[in-house]
Amino acid sequence: MINYRADLQILRGIAVLLVLFYHLNFVGFGNGFLGVDLFLVLSGYLMANLAETTSPLEFYKRRISRLLPAYLVTILITSLIVLFLTVPSDANQRLSRIWFDLGGLSNIGFWLENSYFESNSFKPLLNLWSLGLEIQFYLIAPFLLKYLRKNKISNLIFFILSFIIACIFLSISPKTSFFMLPSRIWQFLIG
């Protein structure tokens, strides 16, 4: 079991603030989305420690009990507010994404749309895209991390392949590099 680490929580808070300040258009935070990168590295560290000290079943139970209640309440309340307080076109956009959100696939739902950086579309739960990445990583983490910890060469190869995939997609389809797990695994592995 991992002991509470105040230093990691402070870094996670800084990561969240970087993203928040970026979205609020604060001067000097034009690259604030790097907070997501920091958050994924920290998540990789925390999940590696958790996966090492628990069984896969216990790992999943802890992730579900920690995330699912708040996740579902957020989706429900936001969706209800949107349904009752917005124009029908915005409500329809919200409802069209709800299945992606409930399936932990928000990143894929937003990938199928124009762009994360497009400000014209109504996206009240845009922040769930990164949680979608984390949920998908959690599904493979107990098995992948235990294997990679035992096999250092495979760890390096997996890291390099994910980084190369990210670079290739960055030149072909930046939004694919941004939203999809294969191009983000290297960040979790740094942790």
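Student: Is the crossing of α2 and α3 left-handed or right-handed?
Tutor: Keep in mind that this is a predicted model, where local features need pLDDT of at least 70, side-chain atom pairs count only at pLDDT 80 or more, and totals for chains, interfaces and linings use all residues. Residues are numbered from 1 along each chain as its sequence is written, and side-chain values use heavy atoms, with hydrogens and water left out. A crossing counts as left-handed if the near helix is turned anticlockwise from the far one by less than a right angle, and as right-handed if clockwise. For α2 and α3, the crossing is right-handed.

Student: What kinds of residue make the contact of α2 with α3?
Tutor: Contact means heavy atoms within 4.5 Å. On α2 you have Met47, Leu50 and Ala51, facing Phe59, Arg62 and Arg63 of α3. Counting Ala, Val, Leu, Ile, Met, Phe, Trp, Tyr, Cys and Pro as nonpolar, Asp, Glu, Lys and Arg as charged, and the others, Gly among them, as polar, they divide into four nonpolar, no polar and two charged.

Student: How do α3 and α4 run relative to each other?
Tutor: Helices here are DSSP runs (H or I, at least four residues), numbered from the N terminus; α4 covers residues 88–102. With axes fitted to C-alpha atoms over the stretch in contact, and angles running from 0 to 180 degrees between N-to-C directions, the two come within 9 Å and cross at roughly 165°. Angles under 35 degrees count as roughly parallel, over 145 as roughly antiparallel, 65 to 115 as roughly perpendicular and the rest as oblique. So α3 and α4 are roughly antiparallel.

Student: Which residues does Met47 touch, leaving out those up to four places away in sequence?
Tutor: A nonpolar core is a set of buried Ala, Val, Leu, Ile, Met, Phe, Trp, Tyr and Cys residues joined through side-chain atoms within 4.5 Å, and buried means under 20% relative accessible area, exposed over 50%, partly exposed in between (1.4 Å probe, protein chains only). In the largest such core, with 27 residues, Met47 is among those touching the most other members. Its partners, on your terms, are Phe59, Arg63, Phe137, Tyr138 and Leu145.

Student: Where does valine 16 sit, and how does its accessibility class it?
Tutor: Valine 16 lies in helix α1. Its relative accessibility is 47%, which means valine 16 counts as partly exposed.
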